[in-house]
Amino acid sequence: MELEQLDEAWCFTGGVGYSHENRFEVQTKDYFEFFLDEEVMFLEESRDCEFKSPLDFSSVNEIRVLIDNKIMEYVVSFLNSNGGSIFFGISDKKIVKGLELSYKDRDEIALSINSKIRDRLEPKISVEYHKIRWHSVKDKDKNDIDNLFILEVEIKKPFDPLAIYFDRGKTLYIKTDTGRQKYTKPADMVSIIMKRAMENGVFINHSLKNKKDN
């Protein structure tokens with residue numbers, strides 16, 4: 001029980017909403033089964049899910065370029081929405097292609113993702129906000145295919161509903177059902193911030209009341 005309370009306190013101070021149900025969901029996600037060249041039936045692109053796949057799943061360079069170009073767009077857009085996951089190695093048509101990567105390649109890509117989130121995201125977030133998973137890709141006989149994986153980067157829903165996140169402090173992304181919207185003009189950003197404040201008026205009033213009471 002004490003360990004659960006400590007875990008809950010750690011998640012709370014890191015800015016991440018906590019529930020025992022969420023913990024169970026994280027565990028079950030590790031058991032997703034992906035089959036090569038088959039359609040994913042349990043996922044679909046939406047506000048909390050996105051698929052990206054390189055043209056050549058065996059080209060390490062192409063895989064890295066794709067992840068480098070897209071990761072921050074979706075980290076920021078999920079943070080500015082309600083959280084979610086981006087899956088690299090699944091086509092827009094929901095077909096599993098995978099990413100052919102060695103252990104060394106996977107380790108370097110994970111380090112690169114962590115580095116980008118740490119260095120480019122403003123405001124900064126706790127490491128508890130995101131999770132990197134490598135799901136094995138299986139053949140039709142349910143055997144794991146050597147060095148073929150789906151990369152999932154999960155972004156948790158921010159604890160603060162008023163927070164607005166930016167890439168390098170200059171670009172704002174918002175997740176949509178079909179992808180993400182990009183904002184770079186100050187006027188557009190102000191509109192997004194004002195809209196967020198109006199939508200969370202109850203939260204603001206509650207925070208002000210607590211501040212006054214204390």
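Contact here means heavy atoms within 4.5 Å. The structure is a predicted model, in which local features need pLDDT of at least 70 and side-chain atom pairs count only at pLDDT 80 or more, while totals for chains, interfaces and linings use all residues. Residues are numbered from 1 along each chain as its sequence is written, and side-chain values use heavy atoms, with hydrogens and water left out.

The protein contains six helices and 10 strands. Helices (H or I, at least four residues) and strands (E, at least two) are DSSP runs, numbered from the N terminus. Of the 214 residues, 40% count as buried. Buried means under 20% relative accessible area, exposed means over 50%, and partly exposed lies in between (1.4 Å probe, protein chains only). Among contacts between residues at least 6 apart in sequence, 70% join residues at least 24 apart.

Helix α4 covers residues 103-120. Its 18 residues should span 26 Å at 1.5 Å a residue, and the end C-alpha atoms are 26 Å apart, which agrees. The expected span is 1.5 Å times one less than the number of residues. The buried residues of α4 are Asp105, Arg106, Ile109, Ala110, Ile113, Lys116, Ile117 and Arg120. They cover an arc of only 135 degrees around the axis, which puts them on the same side of α4. The arc is that of the directions from the helix axis to the C-beta atoms. An α-helix has 3.6 residues a turn, so residues three or four places apart point the same way. The buried residues of α4 pack against α3 (60-79), β5 (121-122), β6 (130-138), β7 (144-155) and β8 (166-167). The face turned away from this buried side carries the exposed residues Tyr103, Lys104, Leu111 and Arg118.

Strand β7 holds glutamate 152. With 0% relative accessibility, glutamate 152 counts as buried. Its side chain forms a polar contact of 2.8 Å with that of serine 85. A polar contact is a pair of N or O atoms within 3.5 Å; within protein, one must be able to donate a hydrogen and the other to accept it, and residues adjacent in sequence count only if both atoms are side-chain atoms. Asparagine 147 also lies in β7. Its phi is near 60 degrees, a positive value in a residue other than glycine.

In strand β9 (residues 172-176), five of five residues are buried. Leu172, Ile174 and Thr176 lie on one side, with Tyr173 and Lys175 on the other. Strand β10 (residues 179-183) runs antiparallel to β9 and is joined to it by five bridges. Two strands pair if DSSP finds at least two bridges between them. A hairpin of two residues connects β9 to β10. Threonine 176 has glycine 179 as its bridge partner in β10.

Isoleucine 192 lies in helix α5 (residues 186-199) and is buried at 16% relative accessibility. Not counting residues up to four places away in sequence, isoleucine 192 touches Ile164, Leu172, Ile174 and Tyr183. Isoleucine 192 and leucine 172 are 20 residues apart in sequence and 9.3 Å apart in space, C-alpha to C-alpha.
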